[in-house]
Amino acid sequence: SGQNIYPEEIETKLNGMPLVKESLVLRENQRLVALVCPDTDGAAPEMIDDARLAQVMHKNRLRLNKRLPAYCAIAEIKLHPAEFEKTPTRKIRRRCYTE
């Protein structure tokens, strides 16, 4: 719709949410999708099962979308099992995760 979207700003907000270690926001099929590497190290053991983790990520997405303009809304959060590949300066290599 002609609006500028800055994924880094969305990622910063998402990275501050429960059980999120790091994230990467991408465009997939004309919608925004967040890949999230979960932070299971600091979580209580009862929060780590797949069902609970999916529930927490769904709540994170709803809370995040309330803080963002409608054109920046995240359509889905997908779990990524490992940390993202990074450059020597510790920035995520986005091109490794785009279509």
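Student: How do the residues of the lining of the largest pocket divide into nonpolar, polar and charged?

Tutor: This is a predicted model, in which local features need pLDDT of at least 70 and side-chain atom pairs count only at pLDDT 80 or more, while totals for chains, interfaces and linings use all residues. Residues are numbered from 1 along each chain as its sequence is written, and side-chain values use heavy atoms, with hydrogens and water left out. Among the lining residues of the largest pocket are Val 25, Leu 26, Arg 27, Gln 30 and Thr 98, and the lining as a whole divides into 7 nonpolar, 2 polar and 2 charged.

Student: Which element gives the most to the lining of the largest pocket?

Tutor: The elements that contribute two or more residues to this lining are E1 and E2, strands being DSSP runs (E, at least two residues) numbered from the N terminus. With 3 residues, the one that gives the most is E1.

Student: Is Pro 38 buried or exposed?

Tutor: Pro 38 lies in strand E2, and, leaving aside neighbours within four places in sequence, Pro 38 is in contact (heavy atoms within 4.5 Å) with residues including Leu 53, Met 57 and Leu 79. Buried means under 20% relative accessible area, exposed over 50%, and partly exposed in between, with a 1.4 Å probe and protein chains only. Because its relative accessibility is 16%, Pro 38 counts as buried.

Methods. On a 1 Å grid over the protein atoms alone, a cavity is a set of points where a 1.4 Å probe fits but cannot get out, and a pocket is an open set with protein on both sides within 12 Å along at least five of seven lines; lining residues have an atom within 4 Å of a point. Ala, Val, Leu, Ile, Met, Phe, Trp, Tyr, Cys and Pro count as nonpolar, Asp, Glu, Lys and Arg as charged, and the others, Gly among them, as polar.
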